[in-house]
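Visitor: I would like a close look at one part of this model, namely the stretch that the database record marks as a domain, together with the helix packing and the backbone details that go with it. Please take me through it in one connected account.

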Amino acid sequence: MPDLNTLLKYPATWLLLICAVNFFAALGGHTLWDVDEPNNAVCAKEMLLAGNWWVPMFNGDYRFDKPILIYWLMMPIDAMFGFNEWSARLPSALAMTALVLVVWGMMRRLLVGEVKEQRDRAALLAATLFATALHMAVIARAAVPDPLLMLALGIALPALLIVYLEGKDSPPRKMPTMLVVAYVAIGFGTLAKGPIAGLMPLLIVSAFLTVNRDWKNWRLFMPFKGAVIALGVALPWYIAVGVLTDGVWLEGFLFRHNLERFTDPLQGHRGFPGLYLVSIFAGWFPWSGLLAAMLVFGAWRLKALREQPIRLFMLCWLGVYILFFSIASTKLPNYVLPVFPAVAMLMATGWIQASESEKNRAMNWLAWTALILSIGLIIGGGIALHKMWPGEGYYSLAMLPVTLISLWWLKRRGEKNEALWVPLSLAMMTSILLLTAWSVPGIDHHKVSKPLAEKATAAGFDGSELATFQYFQPSLLFYHGGRLPTLADVEEVGQWLVDGKAVVLSQQSLELLPKEIIPYLIVHERVFGMYARRWLMLISLQPLDEETGEETTWPKH
């Protein structure tokens with residue numbers, strides 16, 4: 001088995017191999033997950049079909065949730081490869097691959113003063129840890145804009161730190177290229193997720209300068225020129241969408257999906273105290289134990305931290321993000337995804353600064369934590385899967401390679417003191433491949449939107465002839481196309497059915513319909529909804545009464 005020294009000869013090849021397996025293998029091998037994936041995919045689909053490149057739309061209405069960048073990336077891919085899962089997820093996989101290479105390159109630049117071997121080792125280590133962490137593989141395979149924000153801030157924040165480190169002793173006379181890159185990235189981040197892309201760098205750099213007692217060097221960041229660059233990238237689209245919608249889109253996005261998310265728990269996402277710490281450590285699996293070790297063993301005293309500006313900056317990056325979103329009322333694990341490049345760089349710099357005894361202890365922490373968590377995922381995941389779908393708990397065995405490698409290393413540690421990096425990386429790649437090519441496709445039949453859509457199409461109901469009642473999933477709209485109205489009451493259902501159209505509703509909702517009409521209903525499909533946790537039915541109305549030969553009418557009460 002190759003070790004890290006061997007891989008140092010071919011770092012880009014190794015990293016691209018990881019990305020190929022973790023981010024791209026079986027990328028389109030299962031249907032879209034509700035609700036975020038089809039929300040974004042439907043928006044790009046509707047915009048492309050309408051020839052609309054400016055205003056996000058969903059089911060015929062404005063989509064206020066996210067700015068334009070994710071749709072701009074999806075639309076040309078859809079045009080080339082069709083509307084499918086692979087096309088929808090490809091921008092995320094590409095963005096995360098780029099971010100892996102960014103982490104590698106930025107670490108090399110940040111550690112330019114170190115011995116070349118140490119620098120190269122730390123850079124490869126940071127990128128490897130990042131590319132093989134569980135949450136990175138998950139988000140790289142999701143049709144969401146989060147990877148785009150991660151990439152933008154993964155470029156911008158290390159670039160700002162590089163500008164500081166390289167300019168604090170001899171300030172540059174003109175704007176460094178790295179600073180231009182940082183502000184351009186912030187501009188694109190604003191197109192991906194909104195004002196948060198500019199706010200977080202401002203707060204993180206401010207926290208860094210405050211803790212470092214170095215506000216005299218704030219001019220190094222040339223914030224006013226930088227704001228002009230970032231706004232030059234993002235503002236034209238925001239102006240355009242504001243003009244085209246008479247300000248309605250801007251109001252919905254900035255107030256409803258930014259300010260209100262901070263002040264009120266949107267859609268009930270309240271979270272719990274400590275959510276983001278749990279999210280970071282769980283998302284960093286299988287490297288969670290190593291993260292804990294590098295945090296514990298590294299410097300925490302302010303005097304020592306000021307002598308280690310890279311560690312201090314990464315801790316500010318982590319701390320500001322966790323504090324800011326812990327204060328916010330709406331809490332979701334994905335909100336702190338942009339801290340993971342900082343986590344990778346923090347661990348890599350901590351590793352090269354650690355003593356041999358600390359490294360040995362850290363390796364033990366890593367192996368034991370990977371072992372315990374992987375067993376927990378196998379047992380806990382198996383129980384959860386079996387409880388939801390009896391007989392399918394075995395799909396959690398996809399995590400078994402991590403368990404076996406951790407046990408193997410712990411058994412051999414007394415015989416041969418070797419690092420766990422490469423074996424555990426390969427084990428994680430195997431586990432992710434099993435998850436994406438075996439486990440997830442194995443449970444995909446429980447997602448019912450695609451079968452319902454196919455059945456509706458086969459029965460002759462096109463994109464204008466399907467609606468829902470007391471039920472809605474955006475994936476049904478993606479797979480069926482057209483529009484998917486949500487009918488408000490039984491009267492609307494009656495008129496829709498009398499017009500020769502079809503409705504998807506739950507079995508409980510069927511009981512609300514007039515009993516006299518039940519014998520005249522055609523049930524085209526009956527499936528158990530994975531998300532609704534109830535039986536769903538695709539129904540239409542017989543056009544003629546078989547006994548009288550007259551048109552079927554809806555009872556009036």
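Guide: In this predicted model, the span of residues 65-238 is 77% helix and 0% strand, and its end C-alpha atoms lie 14 Å apart. The span comes from UniProt, where an unreviewed entry lists residues 65-238 under the name "domain: Glycosyltransferase RgtA/B/C/D-like". The domain assignment of the protein chain draws other bounds, giving domain 1 as 4-354, domain 2 as 355-446 and domain 3 as 448-541. Between the centres of domain 2 and domain 3, taken over C-alpha atoms, the separation is 42 Å.

Two packed helices are described by the angle between their axes and the distance between the axes. For helix α6, which covers residues 116-132, and helix α17, which covers residues 340-353, the angle is about 145° and the axes are 8 Å apart. The crossing of this pair, α6 and α17, is right-handed. On the α6 side the contact is made by Q118, A122, L125, A126, L129 and F130, and these meet F340, P341, A344, M345, M347, A348, W351 and I352 of α17.

Most residues other than glycine have a negative phi, and most peptide bonds are trans. R213 is not a glycine, yet its phi is positive at about 55°. R213 sits in the loop between α10 (196-211) and α11 (223-244), and with a relative accessible area of 66% it is exposed. A26, also a residue other than glycine, has a positive phi near 55°. The loop between α2 and α3 holds A26, and this residue is partly exposed, its relative accessible area being 32%.

The loop between α2 (11-24) and α3 (36-50) also contains V35, and the peptide bond that joins D34 and V35 is cis, with omega about 5°. Another cis peptide bond is found between F285 and P286, where omega is about 10°. P286 belongs to the loop between α13 (275-283) and α14 (288-297).

Methods: Residues are numbered from 1 along each chain as its sequence is written. This is a predicted model: local features need pLDDT of at least 70, side-chain atom pairs count only at pLDDT 80 or more; totals for chains, interfaces and linings use all residues. Side-chain values use heavy atoms; hydrogens and water are left out. Axes are lines fitted to C-alpha atoms, for helices over the stretch in contact, and angles run from 0 to 180 degrees between N-to-C directions. Helices (H or I, at least four residues) and strands (E, at least two) are DSSP runs, numbered from the N terminus. A crossing is left-handed if the near helix is turned anticlockwise from the far one by less than a right angle, and right-handed if clockwise. Contact means heavy atoms within 4.5 Å. UniProt positions are given in the numbering used here, feature names are shortened, and annotations may be inferred rather than shown by experiment. Domain bounds come from an automatic or database domain assignment. Buried means under 20% relative accessible area, exposed over 50%, partly exposed in between (1.4 Å probe, protein chains only).
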